Amino acid sequence: MDKPVYYAATETGEKVFQVAAPGLKFGPGALAEVGGDARDMGMKRVALITDANVGATESAVVVMESLNKAGLDVAVYDQSRVEPTDSSFLQAARFAGEGNFDGYISLGGGSAIDTAKVANLLACYPDDLMAYVNAPIGAAKPVPGPVKPHIACPTTCGTGSETTQVAVFDLVAQQVKTGISSKFLRPVLAVVDATTIDSLPPGIVAATGFDVLTHAIESYTAKPYTARPRPGSPAAPGPRPPYQGANPFSDMGSLKAIKLGGRYLVRAVRARTDTEARDGLMLAATLAGMSFGNAGVHIPHAMSYSVAGLNHTYRAPGYEKVDPMVPHGISVVLNAPAAFRFTGPVAPERHLEAALALGAEADARKMGGGEAGGAGEALATRLIAMMKETGLAPGLAEIGYGEADIPALVKGAYAQQRLLAQAPCPVSEDDLASLYRAAMKYW
Ligand SMILES: [Fe+2]
């Protein structure tokens, strides 16, 4: 819990926060119970949504055996795209539409889980994909009601998609990442079994692990929920948004996830045999997912959408088997040090606590030439050290961006107002240009 001052009440501000989360099963062996879980939910005919690589792993065998043992009729869809696109979502939706399923099991990274969310949605309530996509890119039509139950089984330690109500994809024609957000898209149950990540290459552990860390740090440093106008008031006539801002519940998960990430991320990348580290990172991913799913993320994620959307030539270590692209976690963390240097002075105590949880030097406050700048600087410095230790690119220039790309990068990021609104301070287009410039090369 935080010092109450961060949540100071105001006359017109929000006074209520709410917590939405799926059921959770966590631990080695959990995956083998998924058939019974599905049957208990009343599923009879299920779609198993995965991708070709994960579909060929031992985890897929475990899930299939469990579903078969439970007497379920299973149809496998293994064509989810890593970093899904509008067309890959629509292909999965066609499969779902024809299958008459009464439940969905997703097995894979955030991509497979998000694909299952959208396939389930479009099979239940057929419409154009863009109808449901967040404004201003799509029409932001509300999802009409509950969809079929979805059990999400992550096989990476990153996205937290198993706990969230969001599905993200690459809208190819507009070269931008966008998504659909609805409480009805949240999986009913998350089955998190760390044995699924035993065979992940180090590059994928690094990319997804840094996604975890930035989820947690962004949630922790997000604008407090009390800073929003109260829902139903003239200033906020609509309902309470899913991304409410930092709150005492999200703080607990975020801070614990930052600590676990600081302790285990580098170890998990370096040694495939370090199961303690990979278990710890998987727990961090789940806690961070439950936190940012209620609190929201801000500048590094808003900036990541165009970093990933405009570049289809980068080949990250560990992602050799898929088409060139910037993995989500890399597109996020490359912006993070610049963003936290920018937000640090606005909420120095929060940034200092995050820096210390991540393992920054005990005198972190003194960095950056003074108290106000020191916290953001300490956080950025510790993150950069971890990026170096795990072999990440030293900045956006390394993955192919330069000064000439900044206007297009800014345009994509500025469109993500839903996320930028969670930042602890206003963010202008000029600010974004400066942040991209600062993110070009850290070392
Ligand atoms: Fe993320």
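Before I start, a word on angles: axes here are lines fitted to C-alpha atoms, for helices over the stretch in contact, and angles run from 0 to 180 degrees between N-to-C directions. With that in mind, and remembering that what you see above is a predicted model, let me begin with helix H5, residues 110-124, which lies across strands S2 (45-49), S4 (103-108) and S5, and which runs at about 160 degrees to S4.

Those strands belong to an open sheet of 6 strands, whose order is S1-S8-S5-S4-S2-S3 and whose pairing is parallel. Strand S1, residues 23-26, and strand S3, residues 73-77, stand at the edges with a single partner strand each, so one side of each has no neighbour in the sheet. On average, and ignoring direction, neighbouring strands are turned by 20 degrees against each other. If you look at S5, residues 150-154, and S8, residues 189-192, you will find them paired in the parallel sense over 2 bridges, and Ala-152 stands opposite Ala-190 in S8.

Let me now step back to the domains. The protein is divided into domain 1, which covers 4-17 and 201-438, and domain 2, which covers 29-192, and their C-alpha centres lie 25 Å apart. The contact between them takes 31 residues from domain 1 and 24 residues from domain 2. On the domain 1 side, the elements giving two or more residues are helices H7 (202-221), H9 (275-295), H10 (299-309) and H11 (328-333), and H9 gives the most, with 10 residues.

Conventions. Residues are numbered from 1 along each chain as its sequence is written. This is a predicted model: local features need pLDDT of at least 70, side-chain atom pairs count only at pLDDT 80 or more; totals for chains, interfaces and linings use all residues. Domain bounds come from an automatic or database domain assignment. Two residues are in contact if their C-beta atoms, placed from the backbone, lie within 7 Å. Helices (H or I, at least four residues) and strands (E, at least two) are DSSP runs, numbered from the N terminus. Two strands pair if DSSP finds at least two bridges between them.
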